[in-house]
Amino acid sequence: MITATDTGPAPRPADDSGPGPDHVPVLVVGGSLSGLSAAVLLAHHGVDCLVVERRSGIGTHPRSRVLTARSGEVFRSIGLEPAIDAVSSRPSGWFHARTLADATYTRLGAPGDPTLPISPAGSRLCDQNRLEPILLAEARRRGARVHFDRELTGFVQDPHGVTARILDRATGRSRTVRCGYLLAADGTRSPVREALGIALHGRRGAPRFLSTVFAADLDPVLHGRRPTAVVFPGREVLFARGTPHAPLWEYGVPDIPLATGAREEELGRFARDRLRLVSGLPGLQPDVHSVLRWGASAVVAERFGEGRVFLLGDAAHTMPVIGGLGGNTGIQDAHNLAWKLAAVLHGSADGRLLDTYDAERSRVAAHTLWHVLATARGLPEALDPETLQLGYLYPDPAGGPDAGSCEDPYHPTGRPGSRAPHLWLPQDGECARVSVLDLFGAGFTLLAGPLGQRWLPAGTRAAAGSGAPLDAYRIGGPHTALRDPHRAFPALYGIGPDGAVLVRPDGYVARRWETAPRTDTALEHAVCEALAQPAYRAPESVRGAA
């Protein structure tokens, strides 16, 4: 059991025979999807971190399957798209059938990936146990330290940092780690969250499901078909797992009529019998890899942090499997928090910036969970996963009127608080192109209209005045490599030819100017405001050159 206090002496380890406390800017507790995503994204922003995971290695059960377009954009932005493509496939659709042997299946929903017109990444089917090794390797390549068989057993926060006690489960030795911030990505039952006394709102552990991952030759009834999922009467579902070159399958069924304490052998026999029925292959002998009995939860933490400790992923919210939004929401928690921690640790942002993590992500989690449950209940007002992931809105950073929690991503507005819309721009001939989203780096990005030349030197001044990295581009117009032959960019972002938008490091619009402002310091003020800095004051060298 983890203990935590807000102030007081540092916890003494049971065995601290090493050279003294370790020091690291960020300690991440939990080395699964959200924790590894946080490690990669922190390293991308130049922040050293340590990840500790109590398990001996990455999990083998596939768990989450869907990688939404928004998560794809996150990983595309740090160069992981090719590696993920190698272990994933594109969704082919959900179908309904009596058995797999049916001559035809009834399609559920529209064919294809509806996000491809509005995202350079699109959605994918990527098993979590195939994605996590990519994130682990990338985190270590970028310098993050990831240790398995390590367990957080206690921590103390003070105004200047967190002192944590880490147990090496293999040796039984403990040591002390001093960090600036602690990120709890330690799962649904998060010991860190419980130690902080942060309550959950919602329902835990019901209903219950059985999931069986297996290998089998199903081609005698599939005849070359590879649906994303097939739903059978009785709410039984067969999911395509693995890849087309290394196929696996997962069978899921709710409310199985077996005792709660049923052994794995009994669960396996039940699953094999059901697989023979739903496959239409009475002699099927599936090679069962794993059987997992689990309870669905629908909960959100009452707050996503306390002091220098932050919750992300399942520690902050747990969602039903519908739409595969739980893991994806955790990835985007990490994306939101990583740049803010980096800005504070690098000295370009005030610590108040970290308060926006809870304000933004808790709202997203509650909004997403409501719609997932509405989908499960068949309510007509439920939004689809694409809209939830690509259309959610943060409060206007400049304090403008609240536009709600979501907009239609197929008709984006470019308003502050929204995801910056995707637009393909031709490069070096009509066959080469780059997305506007591909222009975003680890810092802020300024996108100016075709007549926005004056914004480029303003970007240089803003970077110097704020201490934060900023890249500035003019899209369309004469003498620019970023051509916009259809003049689509200004209309898509809601600006005039001489207007501009300021985009945060996580790809969200921080400020928008429909036309060029009268003052040359408008951009500097906006960057400082986005970083929660005090009122902008340009350095002497910049004021003298202006």
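**Overview. Salt bridges across the model.** There are 31 salt bridges here, counting a side-chain nitrogen of Lys or Arg within 4 Å of a carboxyl oxygen of Asp or Glu. Keep in mind that this is a predicted model, where local features need pLDDT of at least 70 and side-chain atom pairs count only at pLDDT 80 or more, while totals for chains, interfaces and linings use all residues. Residues are numbered from 1 along each chain as its sequence is written, and side-chain values use heavy atoms, with hydrogens and water left out.

**Close-up A. Asp-168 pairs with Arg-150.** The closest N and O atoms sit 3.6 Å apart. Asp-168 is in strand E10 (residues 161–168) and Arg-150 in strand E9 (residues 150–158), 18 residues apart; helices (H or I, at least four residues) and strands (E, at least two) are DSSP runs, numbered from the N terminus. Asp-168 is buried at 15% relative accessibility, and Arg-150 is partly exposed at 24% (buried is under 20% relative accessible area, exposed over 50%, partly exposed in between; 1.4 Å probe, protein chains only).

**Close-up B. Arg-361 meets Asp-333 in a salt bridge.** Here the closest N and O atoms are 2.7 Å apart. Arg-361 belongs to helix H9 (residues 355–376) and Asp-333 to helix H8 (residues 325–345), so the bridge ties together parts 28 residues apart in sequence. Both partners, Arg-361 and Asp-333, are buried.

**Close-up C. Arg-415 bridges to Glu-407.** Their closest N and O atoms are 2.7 Å apart. Arg-415 is partly exposed at 26% relative accessibility, whereas Glu-407 comes in at 11% and is buried.

**Close-up D. A salt-bridge network.** Arg-76, Glu-81, Asp-85, Arg-124 and Asp-438 are the linked residues to look for.
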